[in-house]
Amino acid sequence: MSETAAMATPMHLIARHAASAVWLARYIERIDNLARLLDVTKTHSHDDGDWLPILRINGDITDFFERYAEVTHDNVARFYLVDADSPNSVQAAINAAKENARTLRALISTEMWLQINVFHSRIRALTDADLAPDRMSALCAMLKEGAQAHVGISEGTFYRDQCWHFTMIGRYLERADQTTRLLDTQFSTLATHSGTDPDVDAGKWHALVRAAGGYHAYRREHPHGYRPAEVADFLLANTAFPRAVSLNLSQIEWHLTQLRARYHLRGCGRALERLDDLGSVLTRDAVATLVPRGLSTFLDKVQREIAALHDDVIVGLCGG
Amino acid sequence: MAETAVTQTQAQSQTPPSADSAGLLQGYDPNGFFCEILRRGQSPNSGLELLCARLAQLPIEVLRRRAVDAERDLLERGITFTVYSDATAIDRILPFDLIPRVITAPEWQHIETGVIQRVRALNLFLHDIYHEGKILADGVVPRELVLGNAGYCKLMAGFDVPFGTYVHICGTDIVRDETGRFMVLEDNARTPSGVSYVVENRHMTQRVLSDVMVGLKVRGVDEYGLRLHRALVEIAPQGVLDPQVVLLSPGIFNSAYFEHVFLAREMGVPLVEGRDLVVENHRVFMRTTAGLAPVHTIYRRLNDDFLDPDAFRPDSALGVRGLVEAWRRGNVAVANAVGTGVADDKAVYAYMPRIIRYYLSEEPILANVETHICSEPEALAYTLDHLAELVVKPVAESGGYGILIGPHASQAQLATFRSRLIADPANYISQPTLKLSVCPTLTDTGVAPRHIDLRPFAVTGRDTWVLPGGLTRVALRAGTLVVNSSQGGGSKDTWVLA
């Protein structure tokens, strides 16, 4: 019955607030992803060179070398965890998240605001001392927990009106984006060098799947070990793994459909069309055919499409 | 761990008051000021007696612990205001003192009727000066004081507002002297703030002091959002079935942003900024995810100057172009109306008793504080002669800035102020230094008397309703009289007894 009521007098959502909702979710999700990546890298790194891929994933090579001479654990950790000037650090992300939450404060639940506010103070209080190798895991766990607490509190307290749909779209966009980035930087090296040293390879595949937070699920699906095609399929085309690109795109589609049906938002068209096209490209068969030739070009395209999808949502629905 | 904690708490609450920890009020002395809790010389009140007995049972360590909890809670909730000084902006909480300020039922009746009377007079005055100007023609208020006032807005001349209501939200600052008499210190008729603290302070009391409050008949303050929304719907253009109300804020960097959020949420209306609104064909719309949607009433928390670059400051990026014209054509309502600043001017304030008598043929229910208008030669002479005894205020400032408190000023400060006063007398008024009433307040050295004031909030659409409560501000530093939040003041929960 409540659905009928919503149809009769749909509550308006200010376009700018919809954009803030998308960004709020993206920034919180970014913290989660970054913490995962740092944690896994720390656990599986053998030398400082292993820290390079993180910079590559986030497109931060130039920014990083403007301020630091060498890629080392200490420098990368500082760059991402305590450096407020580096645009992709957790500091920058939590600041941006809080600013968006502040904009949305009349719409999000009090519990959500409270948690972001406390999480923000905790992250702002981080110092170089927290970056010591023996404390990194605890720090990453704190960050992941904070981001997950946000997700959980939203699930339990956020009124599911338009604003909620936009938040969910932001979260899924960020997940899809992060997963393609992760694959893009790791997959090609791993797939080409595969077979030279099985133990090292297994460790690296393991780290890749773990960085996506999918280790146990992957094991259950593929108990025999790592095959490049199966890893790619798992991260791209799986429909059950929470960070698989396909799953996230279909969630976005569901939310857009809801926005169109329940709130009569005509601006959903472009985004839905793009999702349709992407869906036809991103199939298990397509991934299986592509793997032997290399995924790079394909992943570039998917990444560009995800970025374009974000723009479709912002331009079409959030007033640009 | 949990068990130990429970035992300790029980032990504390069961400890009878002993000689050295006989509760909060032991050794408390209001020093000849009127104390809002002890009420010496007044007939006993059962609610106050019960409160005193409970406070006497409460060890100070318990109160301190709860105060720490409350402060952390406010910070975590982000119930903050922003202080701007030099180039920095800091989020601060308004310090909250747990010991409540109490207003008895007869006292409230007096305040409520007094505030309603004052709001009526203010609205009649505004209507008059923007129409016939009878009060000016009759010489009750000097014409120059009104027409030459910075708050007077020519655009409003001849323009009718629904129900003749200009001041939809009014905050009346009230103090009490050493005899317990209530007096109005100033009217805030533009965009008074602080009501969010009234409600949040109550929520805080309920969280940390419910054992002291239980059974006392304290009137609720949760109705504010509903009442405000109702008034804003009443003033919407006629014939609109379900008027869309919005709250217009300067944005997240405004010092009162928390209050804007609070009010939007309490009313269930969108919190917008100027860039979210657009005027087309003299109608106001908001930019939503579904396109443009009509807006019928705007509760603006933006000063007149910034409201509409077409009508006022052309450089305002915060306002909405064409808004004033849309309003003048009756397509949207704006609260408070533009041009109310002339009514809360500190010099016009001095005429309020005469304004009340003029329009209502009634005696003022709430007295004014004796006020000397320095633009008048005699008043200036008196002020200069008695500078060390008086409080001198600039007429156009708010927030407690630029005030001289004679008895607390150094010789050098007095000399500086004297020359400022001689240079621009019309900018100042002076008043006697009041012996403001006090309330027991938790300080570093125990519970001590601190000066307080009261700002009740009146909401007016068709009629006026006054929130049973108000913002009690407390001057936390010993001896100081300035209660403004920007000047180191704090606040207390205000309990109006039923």
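Modeller: Strands count as paired when DSSP finds at least two bridges between them. Keep that cut-off in mind. This model is predicted.

Biologist: Start with chain B, then. How many bridges join E22(B) to E23(B)?

Modeller: Four bridges do, and the two strands run antiparallel. E23(B) covers residues 489–496. E22(B) covers residues 472–475.

Biologist: Which residue of E23(B) stands opposite Arg473(B)?

Modeller: Ser491(B) does.

Biologist: And which way do the residues of E22(B) point?

Modeller: Thr472(B) and Val474(B) point one way. Arg473(B) and Ala475(B) point the other way. All of them are buried.

Biologist: Now the open sheet. What is its strand order?

Modeller: In chain B, four strands run in the order E7-E6-E11-E12, with parallel pairing. E7(B), residues 271–272, and E12(B), residues 333–335, are the edge strands, since each pairs on one side only.

Biologist: Where does Leu248(B) find its bridge partner?

Modeller: In E11(B), at Arg300(B). Four bridges link E6(B), residues 245–248, with E11(B), residues 297–300, and these strands run parallel.

Biologist: On to the interface. How much area do chain A and chain B bury between them?

Modeller: About 2100 Å², with 52% of it on carbon and sulfur atoms. Chain A brings 23 residues to the contact and chain B brings 28 residues. On the chain A side, Arg16(A), Arg102(A) and Arg105(A) lose the most area to chain B, together 30% of what that side buries.

Biologist: How many salt bridges are counted between chain A and chain B?

Modeller: Two. Asp276(B) and Arg16(A) meet in a salt bridge through their side chains, at 2.5 Å from N to O.

Biologist: Which elements of chain A give two or more residues to the side that touches chain B?

Modeller: Helices H2 (15–44), H6 (90–103), H7 (110–124) and H9 (162–193) of chain A. H7(A) gives the most, with five residues. By type, the residues of this side divide into 13 nonpolar, six polar and four charged.

Biologist: One last residue. Why is Thr167(A) called buried?

Modeller: The cut-off for buried is under 20% relative accessible area. Thr167(A) has 2%, so it is buried. Thr167(A) lies in helix H9 of chain A. Leaving out residues up to four places away in sequence, Thr167(A) touches Ala21(A), Ala25(A) and Phe158(A).

Definitions and conventions
Residues numbered from 1 in each chain as written. Chains lettered and ligands numbered in written order. Predicted model: local features only at pLDDT ≥ 70, side-chain atom pairs only at ≥ 80, totals over all residues. Heavy atoms only, no water. Buried < 20%, exposed > 50% of the residue type's maximum accessible area, 1.4 Å probe, protein only. Contact = heavy atoms within 4.5 Å. Buried area = accessible area lost by both parts, 1.4 Å probe. Salt bridge = Lys/Arg side-chain N within 4 Å of Asp/Glu carboxyl O. Nonpolar A, V, L, I, M, F, W, Y, C, P; charged D, E, K, R; others polar.
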